[in-house]
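Colleague: I am new to protein interfaces. Could we look at this model together, one question at a time?

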Amino acid sequence: MSTELLEQKFNEKIDQEVRIEPKDWMPEKYRKTLIRQISQHAHSEIVGMLPEANWITRAPSLRRKAAALAKVQDEAGHGLYLYSACETLGVERDDLLADLHSGKAKYSSIFNYPTLSWADMGAIGWLVDGAAIMNQVPLCRASYGPYARAMVRVCKEESFHQRQGYEIMLTLCKGSEAQKKMAQDALNRWWWPSLMMFGPTDADSKHTEQSMRWGIKRFTNDELRQKFVDVTIPQAEILGLTVPDKDLKWNEERGHYDFGEINWEEFFNVISGNGPCNKQRIDARKKAYDDGAWVREAANAYAEKKAKKKVA
Amino acid sequence: MSTELLEQKFNEKIDQEVRIEPKDWMPEKYRKTLIRQISQHAHSEIVGMLPEANWITRAPSLRRKAAALAKVQDEAGHGLYLYSACETLGVERDDLLADLHSGKAKYSSIFNYPTLSWADMGAIGWLVDGAAIMNQVPLCRASYGPYARAMVRVCKEESFHQRQGYEIMLTLCKGSEAQKKMAQDALNRWWWPSLMMFGPTDADSKHTEQSMRWGIKRFTNDELRQKFVDVTIPQAEILGLTVPDKDLKWNEERGHYDFGEINWEEFFNVISGNGPCNKQRIDARKKAYDDGAWVREAANAYAEKKAKKKVA
Amino acid sequence: MTDQNKFDYILQQADNCLILGQRLAEWCGHGPILEQDIALTNISLDLIGQARLFYQYAAEIQGEEKTEDDLAYLRDAWGFKNVLLVEQPNGDFGFTIMRQFLYDTFSCYFYEALMSSSDERLASIAAKSHKETLYHMKWSADWVIRLGDGTVESHNRVQQALNELWSYKDEIVIETSADSDALAAGYGVSLAELKEKRDAKITAVLEEATLSIPEGTYSHKGGKEGVHSEHLGYILADLQFLQRAYPGNEW
Amino acid sequence: MTDQNKFDYILQQADNCLILGQRLAEWCGHGPILEQDIALTNISLDLIGQARLFYQYAAEIQGEEKTEDDLAYLRDAWGFKNVLLVEQPNGDFGFTIMRQFLYDTFSCYFYEALMSSSDERLASIAAKSHKETLYHMKWSADWVIRLGDGTVESHNRVQQALNELWSYKDEIVIETSADSDALAAGYGVSLAELKEKRDAKITAVLEEATLSIPEGTYSHKGGKEGVHSEHLGYILADLQFLQRAYPGNEW
C-alpha cells in the first residue's frame, strides 16, 4: 500500500475512534508525538516521586506514612506502565531515561517546586493530582491503544490519591492554628503552579491542534484549566482556605469562575531550568541511575550465566 | 662519645629531672616509646572530636552549641600541638596518620563508644576529660621538653572542659525527670569505660616500669584509677546520680573507695576492634583524609607556583 | 500495664519493623532500577504495616489509652528496642540487600514460630506477617545470589557488605529476659531453634551466591536493651519531628 | 512588638548566621586538613556568636519575654528568613569554600555599612562582627584562589561549585520590604551600594583564581520571605529536636 493510502486508512480509524495498536501503520509524526507525550508523562511520574518521597520519613503518623509509601509506589507503577506503553512504539526505556537525564526530554514542571511542609503532601494530592486527572481522564480515550489502557489504570489510582490529599488538607484545616497555617501556606505555594500544569494558553500552545486532530488530546489547555478552577474553588471553600488570587470571582454570565493572570514569566523560567528544584530533581534521578549501574550489570551478568547453564 | 657514655649522660639528666630536648641524644627506645605515646595521644584528640561533634548540630541551646564547637576546636588544637611535638622526634604527620588509618597506631578506646544523648556531652566532659586530666597532669613534668610543654597547654584547656561537662550534668540533674534520666543513663554508659581509660591493672601493664624510669609516666594505672574514683564519687553524689557499681563503698581503713571489678573482656574486645564504633570512627577519619587529598594537592601545587613566581 | 514483659517483647519486634521500614523508605525514588525501587518501597510498606499491628496491640496491653503513634513518635531513643542491624545506614544497594537478607532470615522464621504463640493476637499478626516475609526473604535472597554471582564488582561489593554486617547478625537471636520470659510463658519463640534454621538458610544462600562466610564470631549488641548506635538519634529526629514540634494534634 | 520591621530585618541576618553556622558545624571532625577543620569550626563559632547577638536584640524588640533560643529553636521553617545560599548542603570542600566566599563577600560589606546604623545596638554588633568577617573573607578568598589556581582537579571542582552557586548569590542583595524600610528608617544598609562593592570583590578574586565567571543572571529567591529549599526542614529537624522533644527545659 502506498503511504498515502496507509495515511488515509489511519485517518479513517482516528475519525471512527478505532484504536491504533502497536502493529498498525502510523505516521512517523504521530509516533514521535506519542513518544514525546507518553515518555514525558512517564518521566513526570518518576520525577514526581521525589517531592513526596521527601516527606515519607517525616510523615506525622504511621497511617500517613503507610499511605505516602503506597502513593509513591503507585507513581512508580504508573511510570512502569507508561514506559511500557512507550516501548510498544519502538524505543527502549534506557534511551528515554538518557533523554531525561540530558534535559532533552521534559517532565511536568510542577515537580520542580519543593515540598516544604507536611501540608504539601495534602496540597499535591488535592491540587496537583487533581489537575493531573483533569488532563488525564480524556486520555483514557486516547487514539493509541496501549496509552489509553495505561491511562485507565493511572486515572483510577490518581483519583484515589486526589481524595487522600484532600483528606489530609481537611484534617489540617480542622486542626490547630499551626496546622491551618501550614495548609494555607501550602495552598499559597501550589495554587499557581497547579494552574500552570495545563500548559500555555491556547494561543501559545504549539502542539494542541495536531494532537487534537489525532485524538491524543481531547480538550484545550484553557478549557481544562477553567474546569479545574471551577471544580477546585468550592473545595477550597469547604476547607476554609483562601485561594491566593485577588481577581478570583464567580462570573454568573459565563457560568465559570474568572481568575487572575498567570505569571507566565515564572512558568517559562521553571521550564527552562530555573525552577527552585530543577537541578536537584535531575541530579537525584541521575545519581540513582548512575549508582545503580553496577546493579543492573550484575543482574544482566547473572541472567546470562543462568541462561548459558540452561543451554549447557 | 660512645653510646654508653651518651646513655649515661641521658640517664643523669633524667635522674636530675633535666628536660630532654629534640637535639639531645636519646636512646632509640625512648624515642620510639615517645612517638608511640604522643601520637597515640594526638590520635585520641582527633578521633575524640567525632563523638562530641555528633551533638553539635543538635545542641539544645545556642550557648551550648557555641561551647561544644569551641570544645571540639580545642581538641583539634591539642591534636596539632601533639603532632608537632611528635614531629620534633623526626616523624611526619602523614606517616602518623597512615598508622592511625591502618590500625597500626592506637587511640584511646573510650572514643569507640557512641554518644547517644545530649547528656553524653556532659558525661564525656565530666568523666572522660576528668580521667584524661588525671593521666595528663603528671605529663606536664614529662622528661621530654616539647611533650611536657604541649601537655601544659592541653591540661589547662582540659580542666575547663571538665568543669563545663560537669556543669552540663548539673543543669540536667536540676532539670526535668527526662533530663535526670538522660543524665543517669549517660553515667551508666560512661562510668566503666572511663575507669578503663587508665589502662590494664598494674600487673598486666607492660610499658609501665620502663616509662616510669624514663619520666614519661609518673604514676601507675591503678594509682591514677583510684585517684579518679576518689575524686569523682563525691561529684556524683552532688549530682544525685547513682554510680553503676554495687561494690562501690568507702573504705575507712584504706582512706579510699573500694570499687568493683572492671570487665576486662570488654576492655580487650574494644581495643581489638570490636567496640561499638571502632569501624565508624576510623572510617570517618579515613574518609576525611581521602576526600581531602585533592585539597592538599591543590594547596601544595599553588604554593609551588607561588614560590616559582617569586624566584622568577 | 497488664503485662510489662509482653509489652517489651512486642516492642522489640515492632521497633525492628518501624526502623527498618524507615530506612528502606529512604530509598524511595532513588532505587537502581524502577522495579526494585517499587520492591524496596513495598517491603517498607509491609514493615510499617507490621509495626502498626504490634504497636496497636502493645498500646492495648499498656492500657494507658495510648495509640500506635504515641509508641512510635513519643518514645526516646533509649526506649527503642530494635536491634542495631536495622538502624545501620543504607549504604549502597548491596549493603541494603545484605542487611535485608540478614533481617528477613530472622523475621521469616520468627513469624513462622510465632504463629504457634499461645497469644492468639500475636499468632494472628504473625500469620499475616509471615506471608509477607516469605516474599521479602525470597527477594533479598535472590538478590544476594544475583549480586554475589553477578560481576566481579557486584561480588566484591556484596562480600564487603557481608563482612561489615556479620557482627550485627546475631543480636537478634540472642535472648533478652523479655525473650526468655516470653518463651517460658508460652507466647514467645525459641530463639535457639530459630537460630539453627536461620543459620542453615544463610549458609545455603551465601554458598549459592559464591560468597565467603566471614570467620568472626563477635556480636554487637545493646539495641534490644535500648543502647543503640549514633544513627538512631538522627533517624528519630526526622521520624518524630512533626509530632514533637506540634504535640497533641491529629494528622 | 515595638518594631515589627526592625525585628524582621534583624532576623534575616540572624538566620543567615545560624543556618550557615549549622552547616559549617557539620564539617567538624571531617575537614580535609586539621588546620582547616579548625578554621571551619572557628567560622561556625563566630557565626553562632553573631546569631546570638542578633537574636538577643530581636527578642528584646519582640518584647514577649522570649530568649535567643526561642527564636532559634521554636520557629517553623516558614518563619526563617535566611537566604537559600546558606542552606545549601556542604558538598565537597570546594563547594563549601565557594558558598562561604559568596556569603562572606556579602556579610563583610554588610557589617561595614551597618556599623553606621542609626541603631546603636546594631552598629555595635556590626562592629564586632565585621572584624570576624574580615578574617572569614580573607580565608575563603584565599582558598578560592588556591583551589582555582591549584591543580586541574581543584580548578574544575571549584569552577563547578561556582556554576552551581551562581544563581544563589544575589538573593542576599535583592531588597525585601524589610530591607527598604530599614534603609529608609536609617538603621539599615543600602543593598545597592553594597552590591557594587561586593561584585567588584567577587570579580577580582575569581579572576585571580583563574575561574570563569558564569553568564547566568537568574537568581533563586524566596528564603528571605520564608519560602525555602527542601534542605531547611532537615536542618531544623536536627537543630530543634531536643527543644521540641523536651519543651520548656533548661539546658
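Here are some questions about how the chains meet, with answers.

Modeller: Gladly! This is a predicted model, so local features need pLDDT of at least 70, side-chain atom pairs count only at pLDDT 80 or more, and totals for chains, interfaces and linings use all residues. Residues are numbered from 1 along each chain as its sequence is written, chains are lettered from A and ligands numbered from 1 in the order in which they are written, and side-chain values use heavy atoms, with hydrogens and water left out.

Colleague: How much area do chain A and chain C bury between them?

Modeller: Contact means heavy atoms within 4.5 Å. The contact takes 46 residues from chain A and 47 residues from chain C. In chain A, A:Leu62, A:Trp294 and A:Tyr302 lose the most area to chain C, together 20% of what that side buries. Buried area is the accessible area (1.4 Å probe) that two parts lose on being put together, summed over both, and here 68% of it is on carbon and sulfur atoms, out of a total of about 4,000 Å².

Colleague: Which residue of chain A forms a salt bridge with C:Glu35?

Modeller: A salt bridge is a side-chain nitrogen of Lys or Arg within 4 Å of a carboxyl oxygen of Asp or Glu. Across the interface of chain A and chain C the rule finds two salt bridges. In the one with C:Glu35, the closest N and O atoms are 2.4 Å apart, and the partner is A:Arg93.

Colleague: Which helix gives the most to the side of chain A that touches chain C?

Modeller: Helices are DSSP runs (H or I, at least four residues; strands are E, at least two), numbered from the N terminus. Several helices of chain A each supply at least two residues to that side, including H2 (28-53), H3 (62-87) and H6 (145-173). With 14 residues, the one that gives the most is H3(A).

Colleague: How many salt bridges are there between chain D and chain C?

Modeller: This contact takes eleven residues from chain D and eleven residues from chain C. The area buried is about 910 Å², of which carbon and sulfur atoms give 58%. The salt-bridge count between chain D and chain C is zero.

Colleague: Is C:Thr210 buried, partly exposed or exposed?

Modeller: C:Thr210 is found in the loop between helix H9 (191-208) and helix H10 (231-245) of chain C. Leaving aside its neighbours within four places in sequence, C:Thr210 is in contact with C:Gly148, C:Asp149 and C:His155. Buried means under 20% relative accessible area, exposed over 50%, partly exposed in between (1.4 Å probe, protein chains only). At 40% relative accessibility, C:Thr210 therefore counts as partly exposed.

Colleague: What is the phi of C:Glu65?

Modeller: C:Glu65 lies in the loop between helix H2 (34-62) and helix H3 (68-73) of chain C. With a relative accessible area of 79%, C:Glu65 is exposed. Although C:Glu65 is not a glycine, its phi is positive, at about 60 degrees.
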